[in-house]
Amino acid sequence: MSDPQQILQDVFGYAAFRGAQAAIVDHVVEGGDALVLMPTGGGKSLCYQIPALARAGFGVVVSPLIALMQDQVRALDELGVKARAINSSISGQERREVERMMRQGDLDLLYVAPERIFAEGFLDLLSECRIGVFAIDEAHCVSQWGHDFRPEYLKLAVLADRFPNVPRIAVTATADSATRRDILERLSMEHARVFVASFDRPNIQYRIGPKIAERKQLHEFLTEQDRGGAGIVYCLSRDRTESIAAFLVEKGYEALPYHAGLDAGLRSRTLERFLREDGIIVVATIAFGLGINRPDVRFVAHLDLPRSLEAYYQETGRAGRDGEPSTVWMVYGAEDIAKIRSFIEGSDAAEEQKRVERRKLDALLGFCETATCRRQVLLRYFGEDRPEPCGNCDRCLSPVETFDGTVEAQKLLSTIYRTGERFGAGHVIDVLRGSDSEKIRRFGHDTLSVHGVGKDRDDIQWRSILRQLIAAGLVETDLEAYGALKLGPEVRAILRGERHVLLTREASRKERRTAAGPGRAARKAAIPDGDRGLFEHLRTLRRQLAEERQLPPYTVFHDATLREMAARRPRTLDAFAALPGVGTAKLAHYGETFVQAIRAFAAGN
Ligand code: ADP
Ligand code: ZN
């Protein structure tokens, strides 16, 4: 068996290659080197797994994610692929057994940590074996530009000298050109063919709204979600992960906090549960990151702004690796912007670095406040032009109105000016709305000409206007006086009415109560109501089988396969074999059990 297309069907159970996969696989099978830049969930693994199976000898996969190797090996085992891992977690005896398999060529894929390659005698051992391909996973680890730099990765260049006839394929989801240059140069792969896939994640729905009452909003969002799969809620601080997780538990969710301050044992138990349980939610700081490759993460929620669009793309990218509909959701407010600005300004970084960070924050705010398709803005930031709006973000699903907001901007800017550029958003908006509070009177702000000029809009609407002015650089936040609002450098033209400001219109509190409210997009139902019962039934069966074998549920079947099963209801093994994700081994393992279950379900209904 050496035809890639045949392997794709028989082993993996997929009918066709996706996007550039076919070209990449052909190139590597022919012996060419390749650098593959593909988003998370794009299907990078097949790009080296299939060449490993198609070429003589076995494939060596260098990966820094030791925690996940075992799951990968077991998933391959489920497909009838002979895979093993050598890392610090296996015993000496297991290692000797794997070494025997390597020498005898009784192996398809070998996963190793980078430091293992350079351990005593290992390269010599590899020279005695027949190797079909080297795959370098998470190849951006070779670059100091990224945040995952691994010094051992630099030494991997030696593979080019030691094994000149073995093709190498480096894969990563990090796309920027500096990292790309680093990878090619540092791995001695200058001549490699570079494959760049689109970074669009069409199955991810983007939704962003104003932070009004974050817990209530989060709870509402979760109510609209399916209970299966897994979810991640990101917050900035350790305290917040704990209190939000406790809140979700109170609301009946299976939620766990995760941050770098927890002890290592608890952290790894939490990660373990996250990888295995259905319906689990982890509330985490960004310490929860590298190595989360559970494919059925159904949502990622941000309760705080990420640092940049790169970080946002990476964090939200953990949703929907299996290609099934997934939602990423974020709420934020002006205070969050002030917080990030103070991180940037208060850090010890060089001025040059701070300038870069400020530009990145501006790009992020531009994305958050855009009136048009979010996917277009996001992809443009990564250098991809997408001519049509996507139809799967909140802006496309419930378009916002824009209006000439010059007068509103003038009112807000004047209020900031007249109160002495010393107050935060809450107070400034209170003055605008004509509040009669003790604080307002104490400062004499009830006597200002601007007091009450903004009565026609409520606090949510004024906060929206304020965020837009901050995003446009017209209002700044003072870091000495934490969060105090100040005028930006270019406001004079606006105050004089020479420059107009276009704003998006935010729904008021009242409008929110009566309508479903803009910003709340309809979730595309992944599973039609008629199939829902059988789908849940099959999901339970999958969980039982997974528990018996101590595997994560998705290694039995992915959601996409279950969904098709619920739709097509195959009653024979032949029909079952035609499902996507069902190859020879899965058919033999599970075909009978699932076909029986489908028959019984039909009879019972
Ligand atoms: P990456 O490593 O790029 O994040 P994976 O290799 O884990 O992505 O693939 C993501 C998902 O897409 C997996 O569930 C995989 O089985 C599925 N997949 C990959 N290639 C195909 C294909 N040609 N047809 C159908 N599903 C595919
Ligand atoms: Zn869109």
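Me: In this predicted model, is V81 buried or exposed?
Reply: V81 is found in the loop between α4 (66-78) and β3 (83-86). The cut-off for buried is under 20% relative accessible area. V81 has 3% relative accessibility, so V81 counts as buried.

Me: Which residues does V81 touch, leaving out those up to four places away in sequence?
Reply: Contact here means heavy atoms within 4.5 Å. With residues up to four places away in sequence not counted, V81 touches V11, L53, L76, D108 and L109.

Me: How far apart in space are V81 and P151, C-alpha to C-alpha?
Reply: In sequence, V81 and P151 are 70 residues apart. In space, C-alpha to C-alpha, the separation of V81 and P151 is 31 Å.

Me: Where is R341, and is it buried or exposed?
Reply: R341 lies in helix α15, which covers residues 334-346. Its relative accessibility is 14%, and buried means under 20%. So R341 counts as buried.

Me: What is the C-alpha to C-alpha distance between R341 and L361?
Reply: R341 and L361 are 20 residues apart in sequence. In space, their C-alpha atoms are separated by 8.2 Å.

Me: Which residues are the protein donors of the zinc ion (ligand 2)?
Reply: The donor atoms are SG atoms, lying 2.3 to 2.4 Å from the zinc ion (ligand 2). In sequence, the donor residues are spaced C-x16-C-x2-C-x2-C. They are C373, C390, C393 and C396.

Me: What is the geometry of the site of the zinc ion (ligand 2)?
Reply: The site has four donor atoms, with angles of 101 to 118 degrees among them. Four donors count as tetrahedral if all angles lie between 85 and 135 degrees. The site of the zinc ion (ligand 2) is therefore tetrahedral.

Me: How many disulfides does the count give?
Reply: The rule asks for a pair of cysteine sulfur atoms within 2.5 Å. By this rule, the count of disulfides is zero.

Me: What is the phi of E138?
Reply: E138 sits in the loop between β5 (131-136) and α8 (151-154). E138 is buried, with a relative accessible area of 19%. E138 is not a glycine, yet its phi is positive, at about 50 degrees.

Me: Is S188 buried, partly exposed or exposed?
Reply: S188 lies in the loop between α10 (177-186) and β7 (193-196). S188 is not a glycine, but has a positive phi of about 50 degrees. Its relative accessible area is 29%, so S188 is partly exposed.

Me: What is the radius of gyration of the protein chain?
Reply: The protein chain has 28 helices and 17 strands. For 605 residues the globule rule gives 25 Å, and the value for the chain is close to that, so the chain is as compact as a globular protein of that length. The radius of gyration is 27 Å.

Me: What share of the residues of the protein chain counts as buried?
Reply: The accessible surface of the protein chain is about 26,200 Å², and 48% of it belongs to carbon and sulfur atoms. Of the 605 residues, the buried share is 52%.

Methods
Residues numbered from 1 in each chain as written. Chains lettered and ligands numbered in written order. Predicted model: local features only at pLDDT ≥ 70, side-chain atom pairs only at ≥ 80, totals over all residues. Heavy atoms only, no water. Donors = N, O, S within 2.8 Å, 3.2 Å for Na, K, Ca; no water. Tetrahedral: all angles 85-135°; square planar, octahedral: opposite > 155°, others 65-115°. Helix = DSSP H or I, 4+ residues; strand = E, 2+ residues; numbered from the N terminus. Rg over C-alpha atoms; globule rule 2.2 N^0.38 Å. Buried < 20%, exposed > 50% of the residue type's maximum accessible area, 1.4 Å probe, protein only. Areas by Shrake-Rupley, 256 points an atom, 1.4 Å probe, with all protein chains shown as cover.
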